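Here are my notes on the model you sent over. Have a look at the picture before reading on.

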Amino acid sequence: MSKVIFTHALADDLEAYCLRQALPKKLVLCVDKYIDTHFGAALSLELRKKNFTAHKSVIPASERSKSLAMANKLYGEWLTAGVDRSHVVVAIGGGVVGDLAGFVAASYMRGLRLIHVPTTLLAMVDSAIGGKVAVNHHAGKNLIGFFYDAELTLIDTAFFALTA
(Lines give C-alpha, C1' and ligand atoms only; values in the text may rest on other atoms or scores of the structure.)
Protein backbone atom coordinates (compact mmCIF):
# COMPACT_ATOMS: atom_id res chain seq x y z
CA MET A 1 0.00 0.00 0.00
CA SER A 2 1.28 3.43 -0.88
CA LYS A 3 2.01 6.22 1.53
CA VAL A 4 -0.85 8.76 1.51
CA ILE A 5 -0.29 12.49 2.06
CA PHE A 6 -2.93 15.21 2.06
CA THR A 7 -1.48 18.37 0.58
CA HIS A 8 -2.14 21.91 -0.57
CA ALA A 9 1.32 22.18 -2.18
CA LEU A 10 1.52 19.48 -4.83
CA ALA A 11 4.73 20.66 -6.53
CA ASP A 12 6.48 21.15 -3.17
CA ASP A 13 5.53 17.66 -2.00
CA LEU A 14 6.59 16.08 -5.30
CA GLU A 15 9.95 17.81 -5.01
CA ALA A 16 10.43 16.78 -1.37
CA TYR A 17 9.58 13.17 -2.17
CA CYS A 18 11.98 13.03 -5.12
CA LEU A 19 14.76 14.49 -3.00
CA ARG A 20 14.12 12.04 -0.11
CA GLN A 21 14.10 9.07 -2.51
CA ALA A 22 17.08 10.41 -4.53
CA LEU A 23 14.96 10.34 -7.68
CA PRO A 24 15.80 12.37 -10.77
CA LYS A 25 13.33 15.19 -11.31
CA LYS A 26 12.01 13.54 -14.47
CA LEU A 27 8.25 13.10 -14.59
CA VAL A 28 5.65 11.72 -16.93
CA LEU A 29 2.45 13.57 -16.09
CA CYS A 30 -0.72 11.69 -17.10
CA VAL A 31 -3.39 14.31 -16.63
CA ASP A 32 -7.15 14.25 -17.02
CA LYS A 33 -8.08 16.71 -19.79
CA TYR A 34 -10.53 18.58 -17.53
CA ILE A 35 -7.97 18.92 -14.73
CA ASP A 36 -5.32 20.01 -17.24
CA THR A 37 -7.61 22.77 -18.52
CA HIS A 38 -7.98 24.21 -15.00
CA PHE A 39 -4.62 23.43 -13.36
CA GLY A 40 -2.21 22.35 -16.12
CA ALA A 41 -0.49 25.65 -16.85
CA ALA A 42 -0.03 26.56 -13.19
CA LEU A 43 1.26 23.10 -12.28
CA SER A 44 3.68 23.05 -15.23
CA LEU A 45 5.03 26.45 -14.19
CA GLU A 46 5.50 25.34 -10.58
CA LEU A 47 7.31 22.19 -11.66
CA ARG A 48 9.63 24.13 -14.01
CA LYS A 49 10.47 26.53 -11.15
CA LYS A 50 11.57 23.48 -9.16
CA ASN A 51 13.74 22.21 -12.05
CA PHE A 52 11.55 19.27 -12.99
CA THR A 53 11.42 18.10 -16.56
CA ALA A 54 8.07 16.65 -17.47
CA HIS A 55 6.48 14.99 -20.45
CA LYS A 56 2.72 15.52 -20.27
CA SER A 57 0.14 13.10 -21.64
CA VAL A 58 -3.37 14.55 -21.54
CA ILE A 59 -6.04 11.87 -21.32
CA PRO A 60 -9.75 12.34 -22.04
CA ALA A 61 -11.70 11.47 -18.89
CA SER A 62 -13.90 8.95 -20.64
CA GLU A 63 -14.29 5.24 -20.05
CA ARG A 64 -13.28 4.80 -23.71
CA SER A 65 -9.79 5.97 -22.70
CA LYS A 66 -9.31 2.84 -20.57
CA SER A 67 -8.29 0.74 -23.53
CA LEU A 68 -5.36 -1.14 -24.98
CA ALA A 69 -5.49 1.30 -27.91
CA MET A 70 -4.95 4.27 -25.58
CA ALA A 71 -2.24 2.37 -23.68
CA ASN A 72 -0.51 1.69 -26.99
CA LYS A 73 -0.78 5.39 -27.87
CA LEU A 74 0.91 6.28 -24.57
CA TYR A 75 3.67 3.70 -25.12
CA GLY A 76 4.47 5.30 -28.47
CA GLU A 77 4.29 8.83 -27.09
CA TRP A 78 6.60 7.99 -24.20
CA LEU A 79 9.11 6.20 -26.43
CA THR A 80 9.21 9.21 -28.77
CA ALA A 81 9.69 11.54 -25.78
CA GLY A 82 12.62 9.46 -24.47
CA VAL A 83 10.87 8.31 -21.30
CA ASP A 84 13.01 5.70 -19.57
CA ARG A 85 13.19 3.85 -16.27
CA SER A 86 14.49 6.94 -14.48
CA HIS A 87 11.15 8.72 -14.99
CA VAL A 88 8.35 8.75 -12.43
CA VAL A 89 4.76 8.52 -13.69
CA VAL A 90 2.39 10.93 -11.93
CA ALA A 91 -1.29 10.16 -12.58
CA ILE A 92 -3.44 13.25 -11.97
CA GLY A 93 -7.14 12.67 -12.40
CA GLY A 94 -10.07 10.41 -11.68
CA GLY A 95 -10.35 6.66 -11.92
CA VAL A 96 -9.91 6.47 -15.69
CA VAL A 97 -6.58 8.31 -15.59
CA GLY A 98 -5.41 6.45 -12.49
CA ASP A 99 -6.24 3.06 -14.01
CA LEU A 100 -4.76 3.82 -17.43
CA ALA A 101 -1.61 5.59 -16.21
CA GLY A 102 -1.03 2.88 -13.62
CA PHE A 103 -1.51 0.13 -16.22
CA VAL A 104 0.98 1.76 -18.58
CA ALA A 105 3.43 2.51 -15.74
CA ALA A 106 3.28 -1.13 -14.62
CA SER A 107 3.96 -2.48 -18.10
CA TYR A 108 6.21 0.13 -19.76
CA MET A 109 9.86 -0.98 -19.66
CA ARG A 110 8.82 -3.60 -17.08
CA GLY A 111 7.57 -1.00 -14.63
CA LEU A 112 8.11 2.66 -13.81
CA ARG A 113 7.69 4.27 -10.42
CA LEU A 114 4.16 5.58 -9.89
CA ILE A 115 2.64 8.43 -7.91
CA HIS A 116 -1.12 8.93 -7.85
CA VAL A 117 -2.80 12.30 -7.45
CA PRO A 118 -6.48 11.30 -7.39
CA THR A 119 -9.01 14.06 -8.02
CA THR A 120 -12.16 12.13 -7.10
CA LEU A 121 -13.15 10.13 -4.05
CA LEU A 122 -13.59 6.95 -6.11
CA ALA A 123 -10.11 7.33 -7.60
CA MET A 124 -8.69 7.63 -4.09
CA VAL A 125 -9.93 4.25 -2.95
CA ASP A 126 -9.80 2.36 -6.24
CA SER A 127 -6.62 2.70 -8.28
CA ALA A 128 -4.76 5.19 -6.06
CA ILE A 129 -4.90 3.40 -2.73
CA GLY A 130 -6.24 -0.02 -3.72
CA GLY A 131 -3.63 -0.56 -6.44
CA LYS A 132 -6.03 -1.83 -9.12
CA VAL A 133 -4.83 -0.62 -12.52
CA ALA A 134 -6.60 -1.97 -15.57
CA VAL A 135 -7.97 -1.36 -19.01
CA ASN A 136 -11.21 -2.57 -20.48
CA HIS A 137 -11.80 -5.28 -23.07
CA HIS A 138 -14.85 -5.51 -25.31
CA ALA A 139 -15.92 -8.49 -23.17
CA GLY A 140 -15.95 -6.46 -19.95
CA LYS A 141 -14.62 -3.73 -17.75
CA ASN A 142 -11.19 -3.94 -16.05
CA LEU A 143 -10.43 -7.38 -17.49
CA ILE A 144 -6.78 -6.65 -18.37
CA GLY A 145 -4.58 -5.29 -15.63
CA PHE A 146 -2.52 -5.57 -12.52
CA PHE A 147 -2.43 -4.78 -8.85
CA TYR A 148 0.40 -2.23 -8.92
CA ASP A 149 0.75 -0.07 -5.86
CA ALA A 150 1.82 3.51 -6.27
CA GLU A 151 4.65 4.36 -3.96
CA LEU A 152 2.96 7.61 -3.03
CA THR A 153 -0.55 9.04 -3.19
CA LEU A 154 -0.82 12.81 -2.90
CA ILE A 155 -4.34 14.05 -2.23
CA ASP A 156 -4.58 17.75 -3.04
CA THR A 157 -7.96 18.98 -1.88
CA ALA A 158 -7.85 21.90 -4.36
CA PHE A 159 -8.91 19.45 -7.07
CA PHE A 160 -12.11 18.54 -5.23
CA ALA A 161 -13.51 22.03 -5.67
CA LEU A 162 -13.69 21.34 -9.43
CA THR A 163 -14.99 17.80 -9.29
CA ALA A 164 -17.54 18.13 -6.51
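The points below go from confidence to the sheet, then to the helices.

1. First, some ground rules. This is a predicted model, so local features need pLDDT of at least 70, side-chain atom pairs count only at pLDDT 80 or more, and totals for chains, interfaces and linings use all residues. Residues are numbered from 1 along each chain as its sequence is written, and side-chain values use heavy atoms, with hydrogens and water left out.

2. How far can you trust it? The chain averages a pLDDT (the predictor's confidence in each residue, from 0 to 100) of 91, and 98% of the residues score at least 70. Confidence is highest in helix 3 (residues 68-81), at a mean of 98, and lowest in helix 6 (residues 160-163), at 65. Helices (H or I, at least four residues) and strands (E, at least two) are DSSP runs, numbered from the N terminus.

3. Six strands make an open sheet with parallel pairing, in the order 1-8-5-4-2-3. At its edges sit strand 1 (3-7) and strand 3 (53-59), each pairing on one side only. Neighbouring strands are turned by 20 degrees against each other on average, direction ignored. Two strands count as paired if DSSP finds at least two bridges between them.

4. Zoom in on one pair. Strand 1 and strand 8 (residues 152-156) pair in the parallel sense over five bridges, and Lys3 stands opposite Leu152 in strand 8.

5. Which strands does helix 2 touch? Helix 2 (residues 33-49) packs on the sheet against strand 2 (26-32), strand 3 and strand 4 (88-93), and its direction makes about 155 degrees with that of strand 2. Helix 3 lies across strand 2, strand 3 and strand 4, running at about 160 degrees to strand 3. Contact here means heavy atoms within 4.5 Å; axes are lines fitted to C-alpha atoms, for helices over the stretch in contact, and angles run from 0 to 180 degrees between N-to-C directions.

6. Is helix 4 mostly covered or mostly open? Eleven of its 13 residues are buried (under 20% relative accessible area, with a 1.4 Å probe and protein chains only), among them Leu100, Phe103 and Val104.

7. Finally, Asp12 is found in helix 1 (residues 10-20).

Note on methods:
Buried < 20%, exposed > 50% of the residue type's maximum accessible area, 1.4 Å probe, protein only.
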